[in-house]
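Welcome! Please take a moment to look over the sequence and the 3D structure shown here, and then read on for a short tour.

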Amino acid sequence: MAARPAFDELWGASAGEEVRAGFEPLGEWLRETSAAELDRRQHAAEAAFRSLGITFNVYGEDEAAERIIPFDIIPRILSAGEWARLSAGLEQRVHAINAFVDDVYGARKILADGVVPADIVLGNEQFCVPVAGARPPHGVYAHICGIDLVRTGPDEFYVLEDNARTPSGVSYMIENREAMLRLCPELFERLAVRPVDTYPELLRDTLQSVAPDGAVQPRCVLLTPGHYNSAFYEHSFLANNMGIELVEGRDLEVDDDIVWMRTIDGRVRVDVIYRRIDDAFIDPLVFRPDSMLGVSGLMAAYLAGNVTLVNAPGTGIADDKAIYSYMPDIVRYYTGEEPRLPNVETWRCREPASLQYTLDHLDELVVKLVDGSGGYGMLVGPTASRAEIEAFRAALIAQPQRYIAQPTLALSTIPTITDKGIVPRHVDFRPFVLTGSSGVTTVPGGLTRVALREGSLVVNSSQGGGTKDSFVLDGERAATAGST
Amino acid sequence: MRLSVNHTTTYRYSEPTRRIIQLLRVTPSSFQGQTVLSWRIDVDCDVRLREGRDGFGNVTHMLYVDQPVQVLTLAVSGRVLTEDNAGVVRAVPGDLPHQVFLRETPLTAAGNALDWLAMDISEEGGAKLDILHGLNRRIHDRMRFDVAATGVGTSAEDAFGAGHGVCQDFAHIFIAVARRLGIPARYVSGHLFRRDGAHQQPAAHAWVEAFVDDLGWVAFDPTNGISTDDAYLRVACGLDYREAAPVVGARSGGGTEELSVEVAVHQARSQSQWQVQN
């Protein structure tokens, strides 16, 4: 555990005595609602998610176990002011991400200017050579970003990770709200909460806005790897709510550098593909030849400018953990402004001094693989055993360039219902940022993930994390019944 | 040298196909020391060809066939003027920064045996160019050319361990070791005019380019143990065979397929035109 006590987003530093200003309605609600009633609603939420079939597979287990992500009915609340500052920071960062990707596959000015070392970008596995020199319609690459934030104090938010490939979790943001509206309607009478169910419509508008020039009524489809994928529920949820086709690779074909969808009435032209398949699998002619999920010729159609891929191939270079530590410089370079949202301090183990520091402080630091994700291949020093630390030390010495290290942050907590009653549990936050042809927007909300085990800082659903609804308060509007 | 090339690829299918889609990298670019005079692709059935350029700067064609065929013949032919630049390759269109070519790929991953070779070579020391010439000679001396020993999926490490392979394997071994030594290296596919009179070949050729500060890209042919000269016609490059292969395809229907390749590279007799062009 971190030495400093964590900041609690409801109780502040008062250890349960007094809620923070503006959060009184939630405090009252928690006082007034009996433990038995909270428990009843918690179970009702779980039953609802189970009947919807919102489950996920846990990778690395012998059988792909289908689990429900636990849901906690005590929401997180962000004030209008907090959200205004956050969203401005997110939009600045995503603007910089798109400019960076455009630059590294185009003029490569940031490398020539020495702001980011050329070898880190060009030698990176995520630098996607097949798209070098190609520019997608409207110059947008990372149409959908899920930026992971952590908080350590009232005004201290940090970006932990930029998910700029195919970020998932947005269906939880929407379904969690649905559940809260049903189970705790009185909360929405006491608090003016901004809606999140506009997301599918905003996403559809975003997709249509980035269609290739000349597509009059652009046809958008969602390309899924199929129902064995852990995020399949989300794929079908989003396709349904946007009113677009959910397709697999075998439903599409490329002819004459144009993408067609096979239907029982013949084939129809496809203009925009929201693909939830990694770059490596989208076209076996260009990437992994053994891919059964992709579409042969898709990259030719993309390079010819006849189809928009969302997100564009190659955006992985922007959210690579080796690039992450340069993000503040990247934001300054493309926006001319100071970053509104800081990074977590990061030691690049490729640099000898940083490696030495990391090796000397392994029991205090979080060490991550630059090419890992989802909490796999990660050391949390303060909670690791001696054997785990020594195993990581050996791995670090063998391949230092594969690792970064960060301080163990005292992540903020939020009261959470557990077997031990209502107790503080650590959380993070993933808001979703959309970029279309006319700019960047952020839906007022996001996915709050909570580490359910006492003291745990790992919020990943694959590592025993749960979720909460995230209320963004409306600064203009007072709470009124049924107004959400 | 004025080279004339006929590169014919024939696919025979046991049943009629429904659709064929192929990505071709069979068309050379002009650059300093290589001038394409004429080039064409002829296909013996009704196809659509779409020209493009990939991230490496290679000229690509997408080929689409959507009627049943049992034989597909791609006849690629052209004439090119080449100069002997002692292997130095300059001003290739769309070329990427050399740092891109330090990345390991599955086909060019070095295992124990290639690590040993890299260590051995780096202990000998010397200028980078000499190191590369030494590597080229070593591969040529150590490896036996054998068309039956390896396949398109054989890795550099496996081919080196076996001690034999084709030009593709020789190239992968060179690339794996050069990258281990921190020298950017890439795979080149193309054609070779054989001065020994073997003008008909059952496959296209492959060699490598390595990046040397001050000189730029320098081409080596480990299969023959020499630097390239005006007998070499460069067509495409990539991190490994996968990204520079002349034809990559997918099809539906067609049953099993049988592939045959014939390459003929001749020296055109007209010297006068060569002199005029220079």
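## A record for chain B

UniProt positions are given in the numbering used here, feature names are shortened, and annotations may be inferred rather than shown by experiment. With that in mind, an unreviewed UniProt entry places the feature "domain: Transglutaminase-like" at residues 159-224 of chain B. The end C-alpha atoms of residues 159-224 of chain B are 17 Å apart, and the span is 27% helix and 39% strand. Here helices (H or I, at least four residues) and strands (E, at least two) are DSSP runs, numbered from the N terminus.

This is a predicted model, in which local features need pLDDT of at least 70 and side-chain atom pairs count only at pLDDT 80 or more, while totals for chains, interfaces and linings use all residues. Residues are numbered from 1 along each chain as its sequence is written, and chains are lettered from A and ligands numbered from 1 in the order in which they are written.

## Two domains in chain B

Chain B is assigned domain 1 (2-82 + 246-277) and domain 2 (88-243); such bounds come from an automatic or database domain assignment. Taken over C-alpha atoms, the centres of domain 1 and domain 2 of chain B are 23 Å apart.

How many residues of domain 1 of chain B are in contact with domain 2 of chain B? There are 24, and they meet 26 residues of domain 2 of chain B, where contact means that C-beta atoms, placed from the backbone, lie within 7 Å. On the domain 1 side, β1 (2-13), β2 (17-27), β6 (71-82) and β17 (257-267) of chain B each supply at least two residues. β17(B) gives the most, with seven residues.

## A pair of helices

Two packed helices are described by the angle between their axes and the distance between the axes. In chain B, the axes of α2 (residues 128-142) and α4 (residues 167-180) come within 10 Å and cross at roughly 140°. Axes are lines fitted to C-alpha atoms, for helices over the stretch in contact, and angles run from 0 to 180 degrees between N-to-C directions.

From α2(B), L132(B), L135(B), N136(B) and I139(B) meet F170(B), I173(B), F174(B), V177(B) and A178(B) of α4(B).

## Where the chains meet

Between the chains, 22 residues of chain A are in contact with 20 residues of chain B. On the chain A side, α5 (118-122), β8 (252-255) and α10 (298-303) of chain A give two or more residues each. The largest share, three residues, comes from α5(A).

Definitions and conventions
Two residues are in contact if their C-beta atoms, placed from the backbone, lie within 7 Å.
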